[in-house]
Amino acid sequence: MEPRSNRIISFAAVVCASAAIACTAATGDSAKETGKTAKNPTSAAPASLAPTSPVAIIGDKTITLQDLDTQAAGALVRVRQEEYEARKQILDTMVNDEVLAKEAAVKKVSKDDLLKTEVTDKLGDPPQADVDSFYEQNKSRFGAQTKEQLVPQIVAMLKGQKAADAQRDYLKTLRKKFSVKTMLDPPRIEIAADDDASKGPAKAPVTIVEFSDYQCPYCSRAETTVQEVLKKYGEKVRLVYRDYPLPFHQNANIAAQASECAKEQGKFWEMHNAMFANQAKLAQADLIETAGGIAGIDKDKFKSCLDTGKYKDEVQKDADAGQKYGVTGTPTFFINGIPIVGARDVNSFAEIIDEELERKQ
């Protein structure tokens, strides 16, 4: 029998693996600790420079801040997003603590008792169907561990997730009750839709630009969420799909070209859906066969398009644009220019989309 400690570690590994949400390109390890303690954690940022300010002079050659920022655009996008997320996380904590304190004062209880009454005590155990579903989806990772051994841990994990969702929903009601308004606006990137395939009205108040890879398993997983988002918001949302084939995915680039060849014949989304539905069939010969099975596609014309690499440059243009916007993994979405990375759930999209729709009112 496997020791209990090993069983728990294995289960934790599965949970962590299930939390992975994106295919990522190698970017180097820039986050290692230096071992030094900051002398002044509240020190001011350096004085800002005008775009035309020189940052280096080499003989008769001057490099301006604008030149530098153009080259460093991708890295700067990530830095600004990390800065915003750090601030937002702390701000959310401060706001939530304040609305909890106000409601607790109204009801003359402690904040802990308030959460217990309004959230924890209202939770039941997850339905057996959810436990069974989680086990079936992950049983290949559990090795020799039986379902009976794992059920208590699965129940605890699912209940924890349900508690987190319930607490988040309760805090939203308190924010509304106490008229919370936050002015910390997320950094936005002006994302070009190019002439890529899209769904939804061009003048929709919310545009989602997706950079994705047909061979990335997380991108395939995200497709279900994307369809749910489009169904939920209807004409309020426009989706634009742009290619970002990762170099270590052998068939991702040719698959992206295949989508463009299908688009040429008005069958982009049909080919798009077929490739994500069967990521094991992305070699060139497989793609030609897949296209041949889609009604309305001229197979010979499609094959010629793919064989000649007609859209190779178009795919590369998308990839280059993604790098400029700071994309390092797939799928990456920009909701009205606000980045969201990975195969997230519908709530992750809804939180941003709802805020964007409120801003448009």
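At what angle do the axes of helix α3 (residues 73-107) and helix α4 (residues 111-118) cross? In this predicted model, the angle is roughly 85 degrees, and the two axes come within 9 Å. An angle from 65 to 115 degrees counts as roughly perpendicular, so α3 is roughly perpendicular to α4.

## Where α3 meets α4

Let's look at the residues on each side. Helix α3 brings Asp97, Leu100, Ala101, Glu103, Ala104 and Lys107 to the contact, while α4 brings Lys111, Leu114, Leu115 and Glu118. By residue class, this contact divides into 5 nonpolar and 5 charged residues, with no polar ones.

## The α10 and α11 pair

Another helix pair is worth a visit. Helix α10 (residues 284-292) and helix α11 (residues 299-307) have axes that come within 9 Å and cross at roughly 150 degrees. Angles over 145 degrees count as roughly antiparallel, and α10 and α11 are therefore roughly antiparallel to each other. Their crossing is right-handed.

On the α10 side, the contact is made by Gln284, Leu287, Ile288, Glu289, Ala291 and Gly292. On the α11 side, Lys299, Phe302, Lys303, Leu306 and Asp307 take part. The residues of this contact divide into 5 nonpolar, 2 polar and 4 charged.

Now to the strands. Which way do the residues of strand β8 (residues 332-335) point? Thr332 and Phe334 point one way, Phe333 and Ile335 point the other way, and all of them are buried.

Strand β5 (residues 206-212) runs antiparallel to β8, and 4 bridges join the two. In this pairing, Ile208 stands opposite Ile335 of β8. Strand β9 (residues 338-341) also pairs with β8 in the antiparallel sense, over 4 bridges, and here Phe334 stands opposite Pro339 of β9. The hairpin of β8 and β9 has 2 residues between the strands, and Asn336 in this hairpin takes a positive phi near 50 degrees.

One last stop is Glu314, which lies in helix α12 (residues 312-324). Is Glu314 buried or exposed? Its relative accessible area is 14%, and under 20% counts as buried, so Glu314 is buried.

Which residues is Glu314 in contact with, leaving aside its neighbours within four places in sequence? They are Asp194, Asp195, Asp196 and Glu260.

Methods. Residues are numbered from 1 along each chain as its sequence is written. This is a predicted model: local features need pLDDT of at least 70, side-chain atom pairs count only at pLDDT 80 or more; totals for chains, interfaces and linings use all residues. Side-chain values use heavy atoms; hydrogens and water are left out. Buried means under 20% relative accessible area, exposed over 50%, partly exposed in between (1.4 Å probe, protein chains only). Two strands pair if DSSP finds at least two bridges between them. Axes are lines fitted to C-alpha atoms, for helices over the stretch in contact, and angles run from 0 to 180 degrees between N-to-C directions. Angles under 35 degrees count as roughly parallel, over 145 as roughly antiparallel, 65 to 115 as roughly perpendicular and the rest as oblique. A crossing is left-handed if the near helix is turned anticlockwise from the far one by less than a right angle, and right-handed if clockwise. Contact means heavy atoms within 4.5 Å. Ala, Val, Leu, Ile, Met, Phe, Trp, Tyr, Cys and Pro count as nonpolar, Asp, Glu, Lys and Arg as charged, and the others, Gly among them, as polar.
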